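Student: Could you walk me through this protein model step by step?

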Amino acid sequence: MDQVTKQLHKLVNVIKIRDMDPDTTVSREMALFRVSAPAESRGEIMEFAQIFRGKVVDVSRRTMTIEITGTQDKIDAFERMVRPHGLIEMARTGEIAIARARPES
């Protein structure tokens, strides 16, 4: 953990690093998937995106780019669903988190 923290501090955009308890945080990861999407399979790929509450962010004649946000398991599951259709490229942010709001008294 110390080595990771030291490496992250070298990055210009890192402002603060905290080790957070998973029980008291909300965490998400974001991923972009570019998938081969010929006309005959485009509908099925769009259904996968809807099931995973994803968003189609780019469409071309041969490909679709889909944004998925959620847990690591959710993103892994979406990848398994679209990989047989021809996963061309994928980019993932890694997990980010923020502390949960404290209940008001």
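Here are some questions and answers on strand pairing and aromatic rings in this predicted model.

Student: How many bridges join strand E1 to strand E5, and how many pair E1 with E4?

Tutor: Strand E1 covers residues 25–36 and runs antiparallel to E5, residues 96–99. In that pairing, Thr25 stands opposite Ala99. E1 also pairs in the antiparallel sense with E4, residues 87–92. The bridges number four for E5 and five for E4.

Student: Why do the rings of Phe33 and Phe78 count as edge-to-face?

Tutor: A search of the whole structure finds two aromatic pairs. In the pair of Phe33 and Phe78, the ring centres are 5.0 Å apart and the planes are at 65°. Planes over 60 degrees apart get this label, so the pair is edge-to-face.

Student: How many residues apart in sequence are the parts that Phe33 and Phe78 tie together?

Tutor: Phe33 lies in strand E1, while Phe78 lies in helix H3, residues 72–86. The separation in sequence is 45 residues.

Student: Is Phe78 buried or exposed?

Tutor: The cut-off for buried is under 20% relative accessible area. Phe78 is at 0% relative accessibility, so Phe78 counts as buried.

Student: Which residues do ring pairs link into a cluster?

Tutor: The rings of Phe52 and Phe78 have centres 5.3 Å apart and planes at 75°, so this pair is edge-to-face. Phe52 sits in the loop between helix H2 and strand E2. The cluster is made of Phe33, Phe52 and Phe78.

Conventions:
Residues are numbered from 1 along each chain as its sequence is written. This is a predicted model: local features need pLDDT of at least 70, side-chain atom pairs count only at pLDDT 80 or more; totals for chains, interfaces and linings use all residues. Side-chain values use heavy atoms; hydrogens and water are left out. Two strands pair if DSSP finds at least two bridges between them. Helices (H or I, at least four residues) and strands (E, at least two) are DSSP runs, numbered from the N terminus. Rings of Phe, Tyr and Trp (its six-membered ring) pair if their centres lie within 6.5 Å; planes under 30 degrees apart count as stacked, over 60 as edge-to-face and the rest as tilted. Buried means under 20% relative accessible area, exposed over 50%, partly exposed in between (1.4 Å probe, protein chains only).
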